[in-house]
Amino acid sequence: MTAPVITVTHGAVGYDGRPVLRDVSLTVTAGEVVAVLGANGSGKSTLIRAVLGLVPLAAGSVELFGTPLRRFRQWRRIGYVPQRLGAGGGVPATVREVVASGRLARRGVLRLPGRADREAVDAALRAVGLADRAADPVATLSGGQQQRTLIARALAGRPELLVLDEPTAGVDAASQEAFATALRDFVADGGTVLLVAHELGPLRPLISRAVVVHQGGICHDGAVPEPAGHHAEPDHDHVHPHGPDEPAGLWSS
Ligand SMILES: Nc1ncnc2c1ncn2[C@@H]1O[C@H](COP(=O)(O)OP(=O)(O)OP(=O)(O)O)[C@@H](O)[C@H]1O
């Protein structure tokens with residue numbers, strides 16, 4: 001039997017008492033590539049933040065690599081790429097520096113980077129196709145290249161699980177392809193992936209399972225839905241920037 005990497009059991013999450021997820025159960029096992037799909041504001045990001053302990057559960061439980069979240073300490077086993085690089089205007093860091101920061105959890109802040117650190121950073125830069133931009137300030141890169149930088153940063157820590165929030169949203173085609181290649185290599189090496197996506201694009205063939213979040217629950221867990229005018233198709237009713245909040249009546253049942 002394959003070991004569970006993520007186990008969410010009857011998880012519920014709310015913000016300021018407003019429920020966003022209720023009674024969500026999800027298991028991701030080693031080697032799976034699971035896409036979390038769903039409409040704008042349905043709670044996809046909230047689900048992965050809850051998995052990582054970044055938002056508290058109102059009910060239920062989460063285990064990572066078989067350990068209850070509150071006791072889990074092996075964060076080096078997980079690489080997380082949040083939704084956006086963030087404003088952070090004027091940060092002069094180079095691409096290599098940002099990617100190298102992904103090694104901090106492994107080496108500790110007080111030790112200087114060694115050969116293994118440099119090799120992991122080089123390999124991560126190559127994996128996302130940014131080796132030739134290593135010395136450039138991240139601020140000079142396109143949005144897609146900045147996103148690839150963050151993915152390389154997560155890869156540099158040599159994690160077993162990658163958690164990615166909309167890695168390809170608003171990203172140019174070349175960056176999407178580069179990311180798909182990096183992800184394919186990561187999975188071929190035995191990695192596990194949980195990602196939020198609206199448009200799967202070149203990632204589609206890599207996804208082994210799709211989980212669709214709708215009205216606070218998981219309404220589908222299985223094959224990747226085909227594009228169609230249906231709720232299960234995340235491209236359908238998604239708009240950027242964020243639309244208005246869900247109507248309160250949605251939570252009345
Ligand atoms: N920190 C927060 N405080 C209060 N409400 C929040 C917070 N984060 C998210 N929400 C609300 O929770 C709901 C779910 O948000 P979430 O970001 O999880 O959805 P999503 O499916 O990832 O959406 P998107 O596709 O827009 O990224 C939305 O109504 C959102 O406005």
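Reader: In which sense do strand E9 and strand E10 pair?
Author: First, a word on the source: this is a predicted model, where local features need pLDDT of at least 70, side-chain atom pairs count only at pLDDT 80 or more, and totals for chains, interfaces and linings use all residues. Residues are numbered from 1 along each chain as its sequence is written. Strands are DSSP runs of E with at least two residues, numbered from the N terminus, and two of them pair if DSSP finds at least two bridges between them. E9 (residues 209-214) and E10 (residues 217-222) have five bridges, and their sense is antiparallel.

Reader: Which residue in E10 stands opposite Ala 210?
Author: E9 and E10 form a hairpin with two residues between the strands. Across from Ala 210, the residue in E10 is Gly 222.

Reader: Which residue in that hairpin takes a positive phi?
Author: The hairpin of E9 and E10 has two residues between its strands. The phi is near 50° for Gln 215.

Reader: Which strand has the highest confidence?
Author: Confidence here is pLDDT, the predictor's score for each residue from 0 to 100. The protein averages 83. Helix H3 (residues 104-107) is lowest, at a mean of 68, while the highest, at 97, is strand E4.

Reader: How many contacts beyond four places in sequence does the model have for residues 230-253?
Author: Two residues are in contact if their C-beta atoms, placed from the backbone, lie within 7 Å. Over residues 230-253 pLDDT stays under 50. Where pLDDT is low, the predicted coordinates should not be read in detail. With that caution, the contacts for residues 230-253 number 33.

Methods:
Helix = DSSP H or I, 4+ residues; strand = E, 2+ residues; numbered from the N terminus.
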